[in-house]
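Subject: Structure for your files

Hello,

Here is the structure I said I would pass on. My notes on what was found in it follow below.

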Amino acid sequence: MRIRFVSLIFLILSFAAPCLAQSDPKPLINQLANANFKQAEDIIGQIAATGDARVVPALEAFAEGDLYARKADDVVFITTASGSKLALVDPLTGESAGEVAKGAMTKIKVNNNLRRAIRDALGALTLMSPDRNARLQAANTMLAAPSEDNLELIETALARETDGEVRARMEEARAVSLLTSGRSIEEKREAIERIRNYGGRDAIGVLRGAYGSIDASLQPDIDKAIGAIESEIALWDMAQNVWYGLSLGSVLLLAAIGLAITFGVMGIINMAHGEMVMLGAYSTFVVQDIIRSSAPQLFDWSLAIALPVAFLVTAAVGLAIERGVIRFLYGRPLETLLATWGISLILQQAIRSIFGPTNQEVGNPSWMSGSFALGGMNVTWNRMWIIIFSLSIFFALLVLMKKSSFGLQMRAVTQNRRMASSMGIRTPWVDAFTFALGSGIAGIAGVALSQIDNVSPNLGQSYIIDSFMVVVFGGVGNLWGTLVGAMSLGVLNKFLEPWAGAVLGKILVLVLIILFIQKRPRGLFALKGRAVEA
Amino acid sequence: MITGFVLRALDGKIVVAIGILLAIAVLVPALNLLVPAGSAFHIPTYAVSLFGKYLCYALLALALDLVWGYCGILSLGHGAFFALGGYAMGMYLMRQIGSRGVYGDPVLPDFMVFLNWKELPWFWYGFDMFPFAMLMVLVVPGLLAFLFGWFAFRSRVNGVYLSIITQAMTYALMLAFFRNDMGFGGNNGLTDYKDILGFSVQAPGTRNVLFAMSAIMLALCLLIASAIVRSKFGKVLVGVRDAESRVRFLGFRVENIKLFTFVVSAMMAGIAGALFVPQVGIINPGEFAPANSIEVVVWTAVGGRGTLIGPIIGAVLVNAGKSFFTGAFPEFWLYALGGLFIAVTLFLPKGIVGTIQHGWHARTERKAAAEREKGEDADMMPQAAE
């Protein structure tokens, strides 16, 4: 949002920028009809001086040899061959002006000298165009293709430029062009400094390219600049990796956070947890499907609508599972594991029977698509939102656990069931709703994961082992442990990936967790006290 | 001493079970080879391989039962040991193909030629020799179990945590074996076997021998398992299952007891895998999937954990059911399997054999009590008459 706001300000500023010399270019173009090469060059200069962006097509056509004058009245048109005739187009407005026979027109001749003049004029026109974006693009083009010829043009444009970003880009373009020009060593040293500040891989390319031809006394400067840029890039790469890691970590957090409740707080091994995530994703699909067919204008709100739906659906399923199966198995964790695995098979097959085994199409609302650049990093909006989303769920849950009376009862039952029961807490009721809460949160996670993963009946399977790893690694019964566990596993994974590859990186992480559990069987943040031996 | 150790293993039920297995080992091949194809008693060759597969699964379930039913370690990674044994056998079978592969390379298996490898990786050396391969069938799963158990039991990782990390272990292995760079055929695994010890794996004779071997190995492992659980060591084992801390405080080294059982169990699983591969004709990383290992747990639970015969019956029953359902109602199988998981844990926690045994015990005890009561009554009578 902020970036958009800033660019809006720039846009307004550029409209307010002083307008360039104005005069009507139409007569100037018509003068070309009877001009010789020398005169034509002057006219091109004058046309460029109008600063009117409308003349660009005419100049381009001139360079291509497509500019013709009508013999009858010396009016100039852009033409395209149309059979034996020529189709005429007004050079300024681009309106069609009918077709005439070839004999009725004279071609305005062009030579290499004129072509160069035209190119400079075009560069100047775009560099000095009143449209900010056109100027920016022109500067970028010159930055990409440095040439000594552009130097004076850029300097002229720089003198009148007021827009900060465009100015910076022009400065860079100037520096790049200057490096290969015949300017003084001092100026070149400054240019190297500027390119160094500009940074990026392109800058290294430019500096390397200039290395051979430049004065030997400047070579150490270039070496230093390249070194500085490279370390800067390495730093950004690291930041990007951390970002990817946090993004993966937030996905893990989303998947694991419901499990942190059911497994971490209640001690239930819920192997059907992944299927709760899957049910959440399918709820999103169904909600979007209904919206698409009955109220397409609400599509950007589909996720907001899907959130409560997914929560209610999965919480209801969770409640049914707890009342129907799990409550008979308290105190027998291994049996719970088997029974919930059976439930997960049934849920998977049920979804497969209803929706089919193939991936379902879940769309991204517009505010979740696209990306923006942050320094040397590329940040996609959907990842950004998922990080924000998972953290907000985490903190909401934390508040619920610590501040609400339901959370208080939940903790009481976990710590000492019989004492809680004696104090009048309905422990079966608390069990059921705690499990429903954990399942519901898994469903919400499913809404978010539907945005970045394939929505298929197997969606849950791919998360279940990772989620257990996160909870066990972070420490059972501790929400903060889950947060730290998820984020550190995510970042670790992304740092291992570049040199080990994605699959091997994942294997290494699993092995590291297995070793870690040997060292600290209760995870990073172990509960202390009697509860441990329960 | 060893004979005594083995003889003690032979109580009535085990003798009967071993007898039945040995009888099957002779009967089924006989019915396949000697009875003409038209006869009602003829067993087709595909069915021999199918039954052989069930017996391998039964051996795997038996191996799991040894650690779960008697030692209380719920391993969700036994499929990994099974698959490793299978890969060891598969590597031997691949080397036997020789120059008959598609690319005709005398040494390298087809997939290595395809990946443009120039020479055999070091871990493939020796697998052209049958005895070495058979040794590896035992050593590789055993070694993995030893390393894993050595770390896990020493740091007292137990219960659910152990289950979860065993699952992570098999998951990690699955990911690893899916990689082409690992040198085990990646996604496709090892397949297209030609012969074993010079006999074609497709020939009915070889298939029958493999079947008989499966039955005999199952009988042998049953004997070993029975000997273990009926020895003094077995009593301690059950003690570890029921009250680990108490056994530790009595001075037993619980981690060593667990480690020994875990390694023996892993080796049995490896044997099962090695017998499985030539009968099925392929081994691929899918065998490492965590879901497979959990399925083994349900076979054991259905049959009855803590009984040695239960898992064998459970594995055969569930897999026969699977063959039937996936053929007749493919949609329905996962519902049935899922329902089975729930029903067994809720209504049949001891499993089929365990429940029957329990009922039997209860009945004999009721009878005995009735007898005693009658006797007491008889004693009382004269007194009353006096």
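The radius of gyration used here is taken over C-alpha atoms, and the rule for a globule is 2.2 Å times the number of residues to the power 0.38. For the 534 residues of chain A, a compact globule would come out near 24 Å, but chain A has 34 Å. Please keep in mind that this is a predicted model.

Overall form of chain A: along the principal axes, its C-alpha atoms fill a box of roughly 105 × 65 × 40 Å. The secondary structure of chain A consists of 21 helices and seven strands. Of the 534 residues in chain A, 42% are buried. Among contacts in chain A with a separation of 6 or more, 70% are between residues 24 or more positions apart.

One helix of chain A: α18 runs over residues 427-449, 23 residues in total, and spans 33 Å from its first C-alpha to its last, close to the expected 33 Å. Is α18(A) mostly covered or mostly uncovered? It is mostly covered, with 18 of the 23 residues of α18(A) buried.

The contact between the chains: 38 residues of chain B are in contact with 33 residues of chain A. On the side of chain B that touches chain A, α6 (130-154), α7 (160-178), α12 (290-303) and α14 (333-347) of chain B each supply at least two residues. The largest share of that side, 13 residues, is from α7(B). By residue type, the side of chain B that touches chain A has 28 nonpolar, seven polar and three charged residues.

Regards

Terms used
Residues numbered from 1 in each chain as written. Chains lettered and ligands numbered in written order. Predicted model: local features only at pLDDT ≥ 70, side-chain atom pairs only at ≥ 80, totals over all residues. Helix = DSSP H or I, 4+ residues; strand = E, 2+ residues; numbered from the N terminus. Expected span 1.5 Å × (residues − 1). Buried ≥ 20, exposed ≤ 12 C-beta atoms within 10 Å, placed from the backbone. Contact = placed C-beta atoms within 7 Å. Nonpolar A, V, L, I, M, F, W, Y, C, P; charged D, E, K, R; others polar.
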